[in-house]
Amino acid sequence: MYAFVQSASSRRILAVALALTIGGVGYWTLRSFPPTADSWYPKCVFYQATGLHCPGCGGTRALGALVRGDLLLAIRNNPMVILGIPTMLALVGLQRRRERSGRSAFPRLAWALFFVLVIFFIARNIPSPTTSPFAPPAPTFTSS
């Protein structure tokens with residue numbers, strides 16, 4: 001029944017098709033329903049509980065600004081999502097390629113990525129969550 005998914009090339013095609021479908025639905029959703037303070041998108045539970053910005057705070061607004069073509073606002077909302085995630089994916093892909101070709105991997109890559117996230121978390125909350133240059137701007141409200 002699922003024999004077509006057993007070959008490596010079929011799995012790759014299925015993974016690409018799934019990623020394109022999820023990306024397309026995400027793009028359409030963010031274009032159709034921009035994330036604002038009063039929108040239905042989930043709020044950050046960590047921020048709600050502590051008042052501190054986690055590394056993901058502002059990520060939805062950053063992606064919303066990116067799909068509308070406002071790169072500077074996207075970076076202002078969350079530079080780690082806009083600049084960091086593509087970099088991390090490229091590094092992870094490079095590591096997987098090295099491992100598959102039999103060359104040594106970068107064993108410290110996971111730790112380096114972890115420390116980058118910790119440093120970003122600290123930087124976006126110092127000197128305070130509202131005055132840090134890395135903190136996302138306050139979400140805007142839409143008028144009815």
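**Cysteines and overall fold of a predicted model**

**View 1. The model contains zero disulfides.** The structure is a predicted model. A disulfide is a covalent bond between the sulfur atoms of two cysteines. Cys-54 takes part in no disulfide, and the nearest cysteine sulfur, in Cys-44, lies 3.6 Å away.

**View 2. Cys-54 and Cys-57 are both buried.** Cys-54 has a relative accessibility of 17% and so counts as buried. Cys-57 has a relative accessibility of 6% and also counts as buried. Across the chain, buried residues account for 25% of the 144 residues.

**View 3. The chain is built with six helices and zero strands.** Along the sequence the pattern reads α-α-α-α-α-α. The chain is more spread out than a compact globule, because its radius of gyration is 19 Å, well over the 15 Å given by the globule rule for 144 residues. Along the principal axes, the C-alpha atoms occupy a box of roughly 50 × 40 × 30 Å.

**View 4. Contacts and surface of the chain.** Of the contacts with a separation of 6 or more, 49% join residues 24 or more positions apart. The accessible surface of the chain is about 10100 Å². Carbon and sulfur atoms contribute 71% of this surface.

Terms used. Residues numbered from 1 in each chain as written. Predicted model: local features only at pLDDT ≥ 70, side-chain atom pairs only at ≥ 80, totals over all residues. Heavy atoms only, no water. Disulfide = S-S within 2.5 Å. Buried < 20%, exposed > 50% of the residue type's maximum accessible area, 1.4 Å probe, protein only. Helix = DSSP H or I, 4+ residues; strand = E, 2+ residues; numbered from the N terminus. Rg over C-alpha atoms; globule rule 2.2 N^0.38 Å. Contact = heavy atoms within 4.5 Å. Areas by Shrake-Rupley, 256 points an atom, 1.4 Å probe, with all protein chains shown as cover.
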